[in-house]
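Me: I have just opened this model and would like to go through it with you. Could we begin with the ligand?
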Amino acid sequence: MTKRKIAVITGASSGIGKLFARELPAKFPLDEVWLVARSEARLFALGEELPVPVRIFPIDLTKEGCLAPLKRQLEEEQPDVSILLNASGYGKFERFDRIAEEDAAGMTDLNCRALTLMMHAVLPYCAAGSIIVNIASVAAFQPVPFGAEYAATKAYVLSLSRAVNKELRPRGIRVLAVCPYWTKTAFFDRANKQSVITHFDCMYEPAFIVKKTIKAMRRRRDYVVPGFVAKATHALTKLLPHSFVMKVFLAQQKLKNK
Ligand SMILES: NC(=O)c1ccc[n+]([C@@H]2O[C@H](COP(=O)([O-])OP(=O)(O)OC[C@H]3O[C@@H](n4cnc5c(N)ncnc54)[C@H](OP(=O)(O)O)[C@@H]3O)[C@@H](O)[C@H]2O)c1
């Protein structure tokens, strides 16, 4: 019996994850999409508009044992997870010692721990041709003062994704890290409440990030940096000493590193 092909999408209630949920069923052969985020109402509303059956998992991914319902469904139904798209994540931009303990734990719990455990949970159900897409950030390429922990979580995502991609080659499974520049989403509603980072020289549309990622999903790359400004930033972080890159960033943001 052929297994049902599913995509599991975290962060599906908003921004980049929501757009992927809309695009993936049109671009890949999928029998079902499983949507994960905290906001049940927004996931249901999204489910109504998708052209394939949808399963909703209203889960706070920072809570201990939160993946139990999803893991139970996987075990019962034994689907073929042909796509895992990890888009849940958030950042707080403030001096590290001023970040609330809840967020100091939350950023690492969501951006790193939950993403890792989600990969670990679906891999037994992945087959040759399956792909895991992890949304990192251009912040992964350099230390970012006043976004220190957020950038560190994204460096983790990039490093984990690229190394696991190599490890899984014998199984024919790919892992792709996506490194977007500033992107117009609700990310900033959460980041900006106490954010000291206010200068955004360029803002990409989330649809552009999704389009470039889908293109990269069809290629053999292990990471993608969508857009010219993002690529230029990436190149500079490779060419210039990071101490200088951090100075430029602080000057751009008009922040003093006292
Ligand atoms: N926007 C940017 O400039 C930018 C740039 C580079 C990288 N990124 C990365 O892109 C990814 C998508 O972000 P976005 O820009 O699309 O922001 P967004 O619109 O705020 O989406 C974030 C998603 O994460 C989910 N989420 C947040 N906390 C959660 C929790 N505790 N448990 C489960 N789900 C949770 C949110 O859903 P609920 O609130 O319903 O839980 C939402 O669906 C993130 O990893 C972000 O770090 C963003």
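Me: How many residues surround the ligand, and which are the closest?
Reply: The ligand is surrounded by 32 residues, each with a heavy atom within 4 Å of it. The closest are S14, R38, Y150, T183 and T185. Please note that this is a predicted model, in which local features need pLDDT of at least 70, side-chain atom pairs count only at pLDDT 80 or more, and totals for chains, interfaces and linings use all residues. Residues are numbered from 1 along each chain as its sequence is written, and side-chain values use heavy atoms, with hydrogens and water left out.

Me: Which atom of the ligand lies 2.8 Å from a polar side-chain atom of S13?
Reply: It is an oxygen atom of the ligand. D60 has a polar side-chain atom 2.8 Å from a nitrogen atom of the ligand. For R190, an N or O atom in the side chain is 3.1 Å from a ligand nitrogen atom.

Me: How much of the ligand's accessible area does the protein cover?
Reply: The protein covers 95% of the 880 Å² that the ligand has on its own, by the Shrake-Rupley method with a 1.4 Å probe.

Me: Which elements give two or more residues to that shell?
Reply: They are α1 (15-27), α5 (148-167) and α6 (187-191); helices are DSSP runs of H or I with at least four residues, and strands are E runs of at least two, numbered from the N terminus. The largest share, 3 residues, comes from α6.

Me: Changing topic, what is the overall make-up of the chain?
Reply: The protein chain has 9 helices and 7 strands. Its radius of gyration, taken over C-alpha atoms, is 18 Å, close to the 18 Å from the globule rule for 258 residues, so the chain is as compact as a globular protein of that length. That rule is 2.2 Å times the number of residues to the power 0.38. The C-alpha trace spans about 65 × 35 × 30 Å along its principal axes.

Me: Which elements each supply at least two residues to the lining of the second largest pocket?
Reply: α7 (206-217), β7 (223-224) and α8 (228-239) do. The largest share of that lining, 3 residues, comes from α7. A pocket here is an open set of points on a 1 Å grid where a 1.4 Å probe fits, with protein on both sides within 12 Å along at least five of seven lines, and lining residues have an atom within 4 Å of a point.

Note on methods. Polar contact = N/O pair within 3.5 Å; in protein donor to acceptor, adjacent residues only side chain to side chain.
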